[in-house]
Amino acid sequence: MTDVRGTITFVNSKFCEISGYSQEELIGSNHRMLHSGMHDVAFFRAMYRRIANGKVWHGEICNRRKDGTHYWVDTTIVPHITAKGKVDSYTAIRFDITARHEAEAMLRRIVSVDSLTGIPNRRRFQEHLESVLNISGCPPSSVHLALLDIDTFKEINDTFGHDIGDELLTIFSERLGLFVTPDVFVARIAGDEFGIVMTGIQDDNVLAFLDQVLTSLREPVKLSTTTRRCSASIGVASFPQHASSLDELFKAADMALYRSKALGRDQAKFFIPRLREVAERKSELLHAVADGLDRGQFHLYYQPLVPSDPHSPISLEGLLRWNHPDQGLITPNAFLVDMDDPGLLAAIGMFVVKQAFEGMEVIDGESLPVGRIAINVTNADFRSDAFVDRFFELSLQTGIAPDRFCVEVTEGVFLGRDFQHLEGRLSRLHEAGVEIALDDFGTGFASLTHLRRMPIDRIKIDRSFVSNLTTSVEDLAIVRGVIDIAHSMAKVVTAEGVETREQAELLQHLGCDYLQGWYFAKAFNIERLPYVLSHLPRLPVSRNDI
């Protein structure tokens with residue numbers, strides 16, 4: 001109990017036990033001795049206004065014990081009113097709820113802190129960012145959001161195991177934590193992605209600060225039994241210069257991060273407006289492609305692979321074409337080159353394989369002399385067993401044997417993350433009789449390695465070596481060498497981009513097995529196949545065929 005001035009006049013033994021003070025220390029003292037500093041002036045002003053008017057107040061108060069620790073009490077303050085209607089004292093009824101508050105604090109920590117690294121998680125990061133952006137008004141200065149990804153983290157996980165990957169995440173978190181100040185907030189957002197919010201750094205100094213961060217992260221790290229240098233890529237965007245909302249700010253920083261990776265990684269790059277324009281065009285393109293698939297605007301056109309040996313059958317390569325309602329017939333170079341939507345790419349792959357089987361049904365129905373149909377596949381087609389399973393399902397439904405088809409892959413497929421599963425899925429096709437061709441041979445870095453390791457039956461010499469074949473000694477030497485190497489390994493060779501008779505005859509003389517290009521025919525729809533076959537330019541008969 002207290003008087004109206006706040007002087008304590010009575011306490012029971014339970015209050016002494018909770019507060020740590022004796023009755024002698026409490027009685028006669030002002031209740032302010034228990035203030036913890038957790039509540040502001042407005043809190044107490046509202047409380048006093050209510051009880052001074054004779055009304056009961058109920059709420060939760062944090063007090064300070066004698067030893068300096070804090071405790072929480074559920075408090076009801078009842079005013080004592082005299083016969084004259086004046087308040088002369090107050091009685092406070094309190095229940096210790098410290099355990100509940102500690103449990104709530106622990107729960108808040110659990111939902112706000114990353115369990116692996118001990119730094120704030122995405123939820124806490126978003127709460128902090130929302131508070132500093134102060135969307136309802138204007139922040140006093142720019143707020144900078146940086147998104148950071150560890151370079152080649154997937155490779156580290158695959159090489160050393162997830163335990164070592166977790167250890168690297170912890171080390172990076174500790175190093176990033178050294179940069180935390182009242183103006184710099186760091187959190188782990190997801191996987192190997194971290195977020196940094198900067199509020200007290202001038203615009204011109206942001207990249208210099210982030211360069212310090214990157215320098216710290218480049219310090220050698222001991223992983224398992226080896227020591228290696230790791231790096232990170234950072235994309236940064238500013239509010240309100242680059243975005244007017246939290247969502248837009250995240251998108252802008254993410255686009256800047258993508259730019260940083262595309263330019264070589266291990267660097268920090270600011271968002272530039274052009275990135276948003278590119279992203280919007282890309283989004284519009286993805287929507288248009290998906291809509292085009294649904295509306296039947298895509299078709300498989302064909303181009304012949306003409307054998308140097310007249311006794312061998314002609315094969316066809318199926319080439320995807322989009323009959324765009326506004327732009328007319330366009331090739332994959334106009335819509336697939338920068339596409340990174342695995343789901344849409346997989347849908348395109350399913351469409352292509354179905355079209356190939358339908359094309360082969362037409363060929364067999366008209367008894368046309370065609371050996372195989374080749375189709376191009378991407379990493380997205382081998383993300384799961386779905387593409388291979390669908391291939392065999394179509395083979396069973398149509399009765400067309402797998403050995404009537406060829407699957408063309410580029411080196412990019414082999415550079416995917418799931419190489420082991422890729423090899424298994426290619427082997428399933430190969431063992432069933434499907435020919436596997438390595439497309440664009442000679443333009444990558446590890447083609448010879450893949451030619452030796454993977455179940456490759458055919459290689460296709462890229463058109464860049466064929467175009468100057470008759471005028472460039474270097475290109476001639478490369479083509480001759482590729483043909484010799486392939487033949488020594490029992491591989492079939494196709495040359496792409498053959499546009500003149502001179503090129504065709506030279507390639508035939510070099511021993512190239514198949515020729516493909518505009519000299520023979522441009523891509524055509526399946527209905528024109530009989531006409532194309534009957535009008536193909538004839539190659540000279542080699543002496544071996546006489």
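## Two packed helices

Helix α9, which covers residues 246-262, packs against helix α10, which covers residues 273-294, at an angle of about 95°, and their axes lie 10 Å apart. Because angles of 65 to 115 degrees count as roughly perpendicular, α9 is roughly perpendicular to α10. On the side of α9, the contact is made by E248, A252, M255, A256, Y258 and R259. On the side of α10, the residues in contact are L275, R276, A279 and K282. The structure described in this report is a predicted model. In general, the packing of two helices is described by the angle between their axes and the distance between those axes.

## M255 in helix α9

M255 has its place in helix α9. Is M255 buried or exposed? M255 is buried, because its relative accessible area is 17% and buried means under 20%. When residues up to four places away in sequence are not counted, M255 touches F271, L275, R276 and A279. The residues L275, R276 and A279 also belong to the part of α10 that makes the contact with α9.

A separation can also be given between M255 and S367, which are 112 residues apart along the chain. The C-alpha atoms of these two residues are separated by 53 Å.

## A nonpolar patch on the surface

Which residues form a nonpolar patch on the surface? The patch is formed by M106, L107, I110 and V111, and together these residues have about 390 Å² of accessible area. M106 has its place in helix α4, which covers residues 98-112. With a relative accessible area of 56%, M106 is exposed, because exposed means over 50%.

Side chains of opposite charge can pair when their charged atoms come close. How many salt bridges does a search of the whole structure find? The search finds 22 salt bridges.

Another salt bridge joins the side chains of E155 and R228, with an N to O distance of 4.0 Å. E155 lies in helix α6 (residues 153-160) and R228 in strand β9 (residues 226-228), so this pair ties together parts that are 73 residues apart in sequence. E155 is partly exposed, with a relative accessible area of 42%. R228 is likewise partly exposed, with a relative accessible area of 24%.

## A network of charged residues

K460 forms a salt bridge with E317, and the closest N and O atoms of the pair are 2.9 Å apart. Here too the pair links distant parts of the chain: K460 is in strand β18 (residues 458-461) and E317 is in strand β13 (residues 314-324), 143 residues apart. K460 is buried, with a relative accessible area of 0%. E317 is buried as well, with a relative accessible area of 3%.

Which residues are linked with K460 in a network of salt bridges? The network links K460 with E317, E408 and E496.

How values were computed: Residues are numbered from 1 along each chain as its sequence is written. This is a predicted model: local features need pLDDT of at least 70, side-chain atom pairs count only at pLDDT 80 or more; totals for chains, interfaces and linings use all residues. Side-chain values use heavy atoms; hydrogens and water are left out. Patches are made of residues with over 30% relative accessible area and no salt bridge: like charges are joined within 9 Å, nonpolar side chains (Val, Leu, Ile, Met, Phe, Trp, Tyr) within 5 Å. Accessible areas come from the Shrake-Rupley method with a 1.4 Å probe; for residues, only the protein chains shown count as cover. Helices (H or I, at least four residues) and strands (E, at least two) are DSSP runs, numbered from the N terminus. Buried means under 20% relative accessible area, exposed over 50%, partly exposed in between (1.4 Å probe, protein chains only). Axes are lines fitted to C-alpha atoms, for helices over the stretch in contact, and angles run from 0 to 180 degrees between N-to-C directions. Angles under 35 degrees count as roughly parallel, over 145 as roughly antiparallel, 65 to 115 as roughly perpendicular and the rest as oblique. Contact means heavy atoms within 4.5 Å.
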